[in-house]
Amino acid sequence: MAVADRIDVRKTYKLYIGGAFPRSESGRSYVVRAADASPIANACRASRKDLREAVRAARKAADGWADRTAMNRGQVLYRVAELMEGRRDQFVAEVAQAEGLREAKSRELVARAIDRWVWYAGWADKISQVLGSANPVAAPYFNFTIPEPTGVVGLVAPEQSSLLGLVSRLAPPLVAGNAVVVIASETRPLAAITLTEVLATSDVPGGVVNVLTGLKGELVPVMAGHVDVDAIDVWGVPEALRTDVELTAADNVKRLSRRPAGVSDARFDWLDDRATERPEWIAAFLEMKTVWHPIGV
């Protein structure tokens, strides 16, 4: 058969749970469209059960990831950036198609996404030194404050920025030592799925990152109400859902991370390093543990 006559092998887009790529247990999918509204792929439409499985996988992986040395976590995450470099052209094509951008602009966004991953990876062995402290006390004791991972973090990815926004929100909880369940951009999920293929071939243990595609209106309320999710990043929650989701998260005492007041997802500048490369975004997913220890004679 001549090369011109061959049929393209179409990619099947799946979920990423526990280091594997399952289809949704419901068998459902939905159409993903390019910026010009033309259909470009079918993505899995994750169900409540898929989300529960993702949380279960994250919980199983959380302790092992948190127990690694900070230097090791940094090395593992830096390796992800190296592998993203190898997929640069694929990311460029997906971002350009999803966001309706020229190739030059898309290349800039992908390059900055890789650089941002490196920037956050470099904080892995530094954030404890910045946030931790030895506290003065008027007694014969040492008193230390030590940051520790929150546990399982639910992340609602930004809707508009398919790769750079996702990386900017995903890297901080990972650097902090948390396991993460991501609800990808509903309308622009393909770059997130490609990122899962990078993670699967990296040294990030299965279950540390889990990515679901589907309808946020179905999945976000379930994530907010899941009692085994310790914190939730609601950056990409649609405005119509935001109040109900935050109230649900408060009912089960989740740590909550949100956009700054007055900042919209659609208009936020993800290329602004001063706004996006912030150790505070790591601190949002850390708990401060204070330890007292008697001074030996």
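The count of salt bridges comes to 26, a salt bridge being a side-chain nitrogen of Lys or Arg within 4 Å of a carboxyl oxygen of Asp or Glu. This is a predicted model, in which local features need pLDDT of at least 70 and side-chain atom pairs count only at pLDDT 80 or more, while totals for chains, interfaces and linings use all residues. Residues are numbered from 1 along each chain as its sequence is written, and side-chain values use heavy atoms, with hydrogens and water left out. Side chains of opposite charge can pair when their charged atoms come close. The points below centre on helix α4.

**Pairs within helix α4**
- Helix α4 covers residues 103–121; helices (H or I, at least four residues) and strands (E, at least two) are DSSP runs, numbered from the N terminus.
- E103 pairs with R107 in a salt bridge, with 3.0 Å between the closest N and O atoms.
- E103 and R107 sit four residues apart in this helix, about one turn.
- R107 has a relative accessible area of 31%, so it is partly exposed; buried means under 20% relative accessible area, exposed over 50%, and partly exposed in between (1.4 Å probe, protein chains only).
- E108 and K105 form another salt bridge, at 3.6 Å from N to O.
- E108 and K105 are three residues apart in helix α4, so about one helical turn separates them.
- E108 is partly exposed, at 34% relative accessibility.
- K105 is also partly exposed, at 36%.

- R116 and E277 meet through their side chains in a salt bridge of 3.7 Å, N to O.
- This pair links distant parts of the chain, 161 residues apart.
- R116 lies in helix α4, whereas E277 lies in the loop between α10 (273–276) and α11 (279–283).
- R116 counts as buried because its relative accessibility is 0%.
- A network of salt bridges links K105, E108, R112, R116, D273 and E277.

**Around S106**
- S106 belongs to helix α4.
- S106 is buried, with 0% relative accessibility.
- The S106 side chain reaches the backbone oxygen of V92 at 2.7 Å.
- Neighbours within four places in sequence aside, S106 is in contact (heavy atoms within 4.5 Å) with F91, V92, V95, A96 and L101.

Note on methods: A polar contact is a pair of N or O atoms within 3.5 Å; within protein, one must be able to donate a hydrogen and the other to accept it, and residues adjacent in sequence count only if both atoms are side-chain atoms.
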